[in-house]
Amino acid sequence: MYKLLSHTDLDGVGCGILARLAFENQVKIRYNSISGLNHEVEWFLKNNDNDTFLIITDLSVSEDNEKRLDEFYKLGGKVQLIDHHKTAMHFNDYEWGHVIVEDDNGHLTSATSLFYEYLLKHELIEPSNAIAQFVELVRQYDTWEWEKNENLEAHRLNALFFLVSIDEFEEKIVNRLKNSDSFFFDEFEEKILDMEEDKIERYIRRKRRELVQASIGEHVAGIVYAESYHSELGNELGKEYPHLDYIAILNVGAKRVGFRTIHNHVDVSEVAGHFGGGGHAKASGCSLTDESYKQFVTETFQLEPLREDAKRNRYNLKSSSFGSLYENRMEDTFFLYSLNDCEWTIKHNEENIDKTFTSFEEAENFLKRNYEAWLVRDDTFVNYLMDYVKNIKQNEESKHL
Ligand SMILES: [Mn+2]
């Protein structure tokens with residue numbers, strides 16, 4: 001008999017699917033959160049028979065359970081831990097641990113890709129094209145490589161995973177991988193995935209109009225309330241507003257805050273750590289405690305949402321050699337223009353600010369971080385230029401008088 005303890009996400013369930021293909025009804029599978037895993041391991045060690053082979057994937061156990069498992073192994077118990085998280089590297093000190101973050105070709109790994117290799121190496125699974133394709137989709141999704149490769153199928157696989165229950169997903173995929181030469185979505189799945197994509201797009205568009213900006217510690221954050229689609233939302237809002245260091249997503253019902261960043265210069269695991277949470281550099285979270293509630297909810301509740309840049313302009317464009325016009329809520333105007341090839345500056349109302357920038361992006365970043373200004377529509381831009389010309393003329397005329 002085998003027992004597999006794996007994570008509840010797509011990568012974790014990918015391991016379950018491989019185990020089902022390899023061991024069929026000779027494996028018991030349990031999907032767990034991190035805390036749930038430790039209970040399961042303790043329960044297993046108390047109730048095990050020495051014939052059951054324990055496999056743990058995509059998760060690592062607590063220090064206490066690490067010791068217990070090693071004792072169990074030394075007394076002849078069968079156990080294998082397979083993971084790809086950086087924080088689990090020390091399990092490689094054990095014969096029963098196998099942790100690889102990046103493979104020899106420089107590709108990031110996932111638990112599903114490592115477990116597939118493991119099963120192949122021990123000749124526990126028949127290799128197939130369909131399985132290899134599925135494993136690669138899971139790997140690309142779990143490592144975010146899908147985004148760089150624009151592998152939308154990987155993203156859709158995860159969307160499908162969330163649309164159906166884990167049991168249904170497992171059964172569906174196992175059957176498909178058993179019976180076909182390549183991995184595919186059926187017609188009905190394609191249809192609901194299309195609908196789901198439209199729904200996410202509308203949701204993000206709505207949330208974009210609710211985003212507020214606030215300085216928090218050394219960072220400028222975007223703050224939004226949302227219960228669903230956190231990773232899509234964090235990613236889209238981050239790209240839409242690159243001047244924000246990170247996006248904080250508040251889920252008041254669940255009493256959680258999620259943090260996402262698209263930037264390499266920001267580590268949101270540190271931000272979350274400050275509020276007693278943790279996670280990865282680009283995605284992290286913490287509980288909504290008194291302190292984080294005050295910071296993210298109380299102190300930002302009165303703020304007005306960020307205004308979006310005008311999108312359909314023909315004249316008032318970013319980086320334009322004629323300059324670009326911005327405005328903020330105080331109705332201040334900001335004219336951002338280049339002095340020469342490598343210097344940009346900003347005219348705030350009538351006066352130039354005492355600062356130059358080496359690129360348009362740098363200048364705009366300054367403008368948006370400090371003044372929450374947005375690119376105005378063409379009509380406002382044209383009026384601004386006309387007033388400007390009128391002023392010059394008036395000045396000239398007054399000189400001649
Ligand atoms: Mn994983």
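Entry 1: I started with an open sheet of six strands, ordered 6-7-8-9-11-10, in which the pairing is mixed. Its edges are strand 6 (212–216) and strand 10 (278–279), each of which pairs on one side only. I kept in mind that this is a predicted model.

I then took the pairs one by one. Strand 7 (residues 219–225) runs parallel to strand 8 (residues 246–251), with five bridges between them.

On to the next pair: strand 8 and strand 9 are antiparallel and are joined by five bridges. Here N251 faces R256 of strand 9. The hairpin of these two strands has four residues between them, and K255 takes a positive phi near 50 degrees there.

Strand 9 is also antiparallel to strand 11 (residues 283–287), again over five bridges. Four of its five residues are buried, so I wrote it down as mostly covered.

**Entry 2: what packs on that sheet.** Which residues of helix 10 (residues 230–240) are buried? I listed L233, G234, N235, E236, L237 and G238. These buried residues of helix 10 pack against helix 9 (187–208) and against strand 7, strand 8 and strand 9 (256–260).

I checked one pair in detail. Strand 3 and strand 4 (residues 79–83) pair in the parallel sense through four bridges, and L54 stands opposite V79 of strand 4.

Helix 1 came up next.

**Entry 3: helix 1 and helix 8.** I followed helix 1 (residues 10–23) to helix 8 (residues 166–179): their axes come within 10 Å and cross at roughly 50 degrees. That angle is why I call helix 1 oblique to helix 8. The crossing of the two helices is right-handed.

Who makes the contact? From helix 1 I noted V13, G16, I17, R20 and L21, and from helix 8 I166, F169, E170, I173, V174, L177 and K178. Sorted by class, the contact of helix 1 with helix 8 has eight nonpolar residues, one polar and three charged.

**Entry 4: helix 4 and helix 5.** The axes of helix 4 and helix 5 come within 8 Å and cross at roughly 150 degrees. Helix 4 brings T112, S113 and Y116 to the contact, while helix 5 brings I131, V135, V138 and R139. By class, I counted four nonpolar, two polar and one charged residues in the contact of helix 4 with helix 5.

**Entry 5: positive phi in the loops.** E123 has a phi of about 50 degrees and is not a glycine. I placed E123 in the loop between helix 4 (111–121) and helix 5 (129–142).

Is E123 buried or exposed? E123 counts as exposed, because there are 9 other C-beta atoms within 10 Å and the cut-off for exposed is 12 or fewer.

W144 is another: its phi is positive, about 70 degrees, and W144 is not a glycine either. W144 lies in the loop between helix 5 and helix 6 (145–149). With 15 other C-beta atoms within 10 Å, W144 comes out as partly exposed.

**Entry 6: S62.** Last, I looked up S62, which is in the loop between strand 3 (53–57) and helix 3 (63–74). S62 is partly exposed, since I find 14 other C-beta atoms within 10 Å. For a sense of distance, I took S62 and A132: they are 70 residues apart in sequence and 32 Å apart in space, C-alpha to C-alpha.

Technical notes. Residues numbered from 1 in each chain as written. Predicted model: local features only at pLDDT ≥ 70, side-chain atom pairs only at ≥ 80, totals over all residues. Pairing = 2+ DSSP bridges. Buried ≥ 20, exposed ≤ 12 C-beta atoms within 10 Å, placed from the backbone. Axes fitted to C-alpha atoms, helices over the stretch in contact; angles between N-to-C directions. Contact = placed C-beta atoms within 7 Å. Nonpolar A, V, L, I, M, F, W, Y, C, P; charged D, E, K, R; others polar. Parallel < 35°, antiparallel > 145°, perpendicular 65-115°, else oblique. Left-handed = near helix turned anticlockwise from the far one by under 90°.
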